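The sequence and structure come first.

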Amino acid sequence: MNNLDKYLSILDGEADGLLLTSRYSRHYGAQHDIAEGVAVVSKAGCRYFTDSRYIEAAQNGIRDFAVLEMSRANPFHKLINEAIADFGITVLGYEEDYLTAAELRGYEEKLNAKLVPMNGKIHSFRSVKEDWELDRMRKAQAITDKAFSEVLGRIKAGMTEKQLQAELIYCLYKNGGEGLAFDPIVVSGPNTSLPHGVATDRVIREGDFITMDFGVILEGYCSDMTRTVAVGYATEEMEKVYNTVLQAQLAGIAASRAGATGAEIDGAARQVITDAGYGKYFGHGYGHSIGMECHEAPNCNPSGQIPMQVNMVSSAEPGIYLPGKFGVRIEDLVIFTQDGCENITTSPKNLIIV
Ligand code: ZN
Ligand code: ZN
């Protein structure tokens, strides 16, 4: 089934049309990425609307939709209403997580069809990846691996977190990244106990841990990885915490296979950290699904009751964060298979001292 057919398959019940407003769903359905636009999907026909900045790219790249230009004379609501009339649409499913309240109010006032929220169904298809999507994610993750090995040679005591962040971003683009999956996290010393800390002017010193969490976008798909390295030397306690996180991650990866629930996978990793006495210092979940968006469902956390399926992609990222002292996180991406998982991250995980 191609992606558009997946969307058409949910048009038998509560809605006879879909209004795709998020870049992700438009990209997924049309299999072509256009930054801005709106698409209407129905069994009677599909139309894609965008403005003069993107119209040529859309007309060249989009196959299964009629591509029409929106303008001041032909605003979105007018074009959508024409599609509603031409295709006989009475109920349009929309992505409630990707519309502002003002946009929704505008559509409700102007469109000649009933609007029903269908975000969950529309986005559910993206959790199990097609082979071509997995190829893009492998390539994206390879770029982060290359950037990591390159940035290691640029870390020096005396530079600030912000300067290292700039070097990391340079390495991500230089190695082929087309965008950043998110603002890279670069924290050092006591700041590493902040799981999602922001790079500051703090000067990196000998004896620091540095945690770098980063990813790129390649052909619309995200990568995501984290490594924690030590500068100059690591104390015994730093080594102990590092190795505990690593063992926890390996236990989570070993428990990752199709059929396992997110809670089971999270639990396998969490047990290692709890047994080592650091249970209360691992606050976040073990992993999140990822694809066009960096954070997708389902999650591998203590409340994850959904069994993982073949070709789902999840992060594996346990951590221990000791307030005021330091923290460690190690993150890979894995693709679920029938009897296990494929780790698409290849950077070393032994404690690296730069
Ligand atoms: Zn990450
Ligand atoms: Zn992540």
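Donors here are N, O and S atoms within 2.8 Å of the metal (3.2 Å for Na, K and Ca); water is not among the atoms, so sites may look incomplete. This is a predicted model in which local features need pLDDT of at least 70 and side-chain atom pairs count only at pLDDT 80 or more, while totals for chains, interfaces and linings use all residues. Residues are numbered from 1 along each chain as its sequence is written, chains are lettered from A and ligands numbered from 1 in the order in which they are written, and side-chain values use heavy atoms, with hydrogens and water left out.

Distant parts of the chain are linked by the pair of Asp 213, in strand E9 (residues 209-214), and Glu 331, in the loop between strand E17 (326-329) and strand E18 (332-336), 118 residues apart. Helices (H or I, at least four residues) and strands (E, at least two) are DSSP runs, numbered from the N terminus.

Asp 224 bridges the zinc ion (ligand 2) and the zinc ion (ligand 1), which lie 3.0 Å apart. Here too a pair links distant parts of the chain: Asp 224 sits in the loop between strand E11 (221-222) and strand E12 (225-230), and His 288 in strand E13 (residues 287-289), 64 residues apart.

Asp 224 and His 288 are both buried. The term means under 20% relative accessible area, with exposed over 50% and partly exposed in between (1.4 Å probe, protein chains only). Values for several residues of this report are tabulated below.

| Residue | Relative accessible area | Class |
|---|---|---|
| Asp 213 | 3% | buried |
| Glu 331 | 0% | buried |
| Arg 227 | 1% | buried |
| Thr 345 | 7% | buried |
| Asn 2 | 33% | partly exposed |

Arg 227 is placed in strand E12. Its side chain reaches the backbone oxygen of Glu 331 at 3.1 Å, and makes a polar contact with the side chain of Asp 332 (2.9 Å). A polar contact is a pair of N or O atoms within 3.5 Å; within protein, one must be able to donate a hydrogen and the other to accept it, and residues adjacent in sequence count only if both atoms are side-chain atoms. Leaving aside neighbours within four places in sequence, the contacts (heavy atoms within 4.5 Å) of Arg 227 include Phe 148, Met 212, Arg 329 and Thr 345.

Thr 345 lies in the segment after strand E19 (341-343). The side chain of Thr 345 makes a polar contact with the side chain of Gln 141 (3.0 Å). Not counting residues up to four places away in sequence, Thr 345 touches Asp 145, Met 225 and Glu 331, among others.

## Nonpolar cores

The largest nonpolar core has 38 residues, and those with the most contacts inside it are Tyr 7, Leu 18, Val 41, Tyr 48, Ile 62 and Phe 65. Such a core is a set of buried Ala, Val, Leu, Ile, Met, Phe, Trp, Tyr and Cys residues joined through side-chain atoms within 4.5 Å. H1 gives the most to this core, with 3 residues. The core lies between domain 1 (3-126) and domain 2 (128-343), because both give residues to it; the domain bounds come from an automatic or database domain assignment. Leaving aside neighbours within four places in sequence, Phe 65 is in contact with residues including Leu 4, Ala 39, Val 41 and Tyr 48. A second, separate core of 28 residues includes Ile 253, Met 312, Phe 326 and Phe 336.

## Asn 2

Asn 2 is found in the segment before helix H1 (3-8). The side chain of Asn 2 reaches the backbone nitrogen of Asp 5 at 2.8 Å. Apart from neighbours within four places in sequence, Asn 2 is in contact with Gln 31 and Asp 64. The C-alpha atoms of Asn 2 and Ala 276 are separated by 47 Å, the two residues being 274 residues apart along the chain.
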